[in-house]
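Dear colleague,

I am passing on the structure we spoke about, and below it you will find my notes on a few of its residues and contacts. Please read them with the coordinates open beside you.

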Amino acid sequence: MSAEDLRAKIREIPDFPKPGILFYDITTVLKDAAAFKEAIDLMRAPYENERVDIVVGMESRGFIFSAPLAYQLGAGFVPVRKLGKLPADVVSVEYDLEYGSATLEMHKDALKPGAKVLIVDDLLATGGTVAGTIELVKQLKGEIVALAFLIELVALKGRDKLAGYDIVTLIQA
């Protein structure tokens, strides 16, 4: 199965969650065992020979891809959560959304300085969430190996916010 085959399995829902938005529903990939396995395998391939200590995934759909990638790479998994969802001491960052701002958090003890980090999410749109996650990793002195996404919405130019990082996306829409 190729990235094009995976793209064909993604359901597009117009005007969700609000008018003018085209939502890319990945549940159609997730429920298909072969497609889900192929998505994980294709996302893992560029990093098979890289040192990755920790895979960081963002709430919530990023968890779906980052945890199995961590397992396959023999790395740990660290969740990045929304404000108030983590129980221990945290580092936090406020980041901009199209319609306001939000706060992301990571446990203070999630990374050791110098840890090689792969940041993973399902979707690269405007780049705000991943830019916030990069800041959290930097606060804890982690070293970012790369950024990996299932889908990139090219027209939203999120990649522009992430200049200087190795970015891998399977599907560009």
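Arg44 is located in helix α3, and in this predicted model its relative accessibility of 17% falls under the 20% cut-off, so Arg44 counts as buried. Its side chain makes two kinds of approach that may interest you: a polar contact with the side chain of Asp41 at 3.1 Å, and a polar contact with the side chain of Gln72 at 2.5 Å. Leaving aside residues up to four places away in sequence, Arg44 touches Leu69, Gln72 and Leu73.

The axes of α3 (residues 33-44) and α4 (residues 61-73) come within 10 Å and cross at roughly 60°, and the crossing is right-handed.

The other residue I looked at is Arg81, which lies in strand β4 (residues 76-82) and, with a relative accessibility of 22%, counts as partly exposed. The side chain of Arg81 makes a polar contact with the side chain of Glu59 at 2.6 Å, and, again not counting residues up to four places away in sequence, Arg81 touches Glu59, Phe63, Leu86, Thr103, Leu104 and Glu105. Between Arg81 and Asp121 there are 40 residues in sequence and 12 Å in space, taken from C-alpha to C-alpha.

How values were computed. Residues are numbered from 1 along each chain as its sequence is written. This is a predicted model: local features need pLDDT of at least 70, side-chain atom pairs count only at pLDDT 80 or more; totals for chains, interfaces and linings use all residues. Side-chain values use heavy atoms; hydrogens and water are left out. Axes are lines fitted to C-alpha atoms, for helices over the stretch in contact, and angles run from 0 to 180 degrees between N-to-C directions. Helices (H or I, at least four residues) and strands (E, at least two) are DSSP runs, numbered from the N terminus. A crossing is left-handed if the near helix is turned anticlockwise from the far one by less than a right angle, and right-handed if clockwise. Buried means under 20% relative accessible area, exposed over 50%, partly exposed in between (1.4 Å probe, protein chains only). A polar contact is a pair of N or O atoms within 3.5 Å; within protein, one must be able to donate a hydrogen and the other to accept it, and residues adjacent in sequence count only if both atoms are side-chain atoms. Contact means heavy atoms within 4.5 Å.
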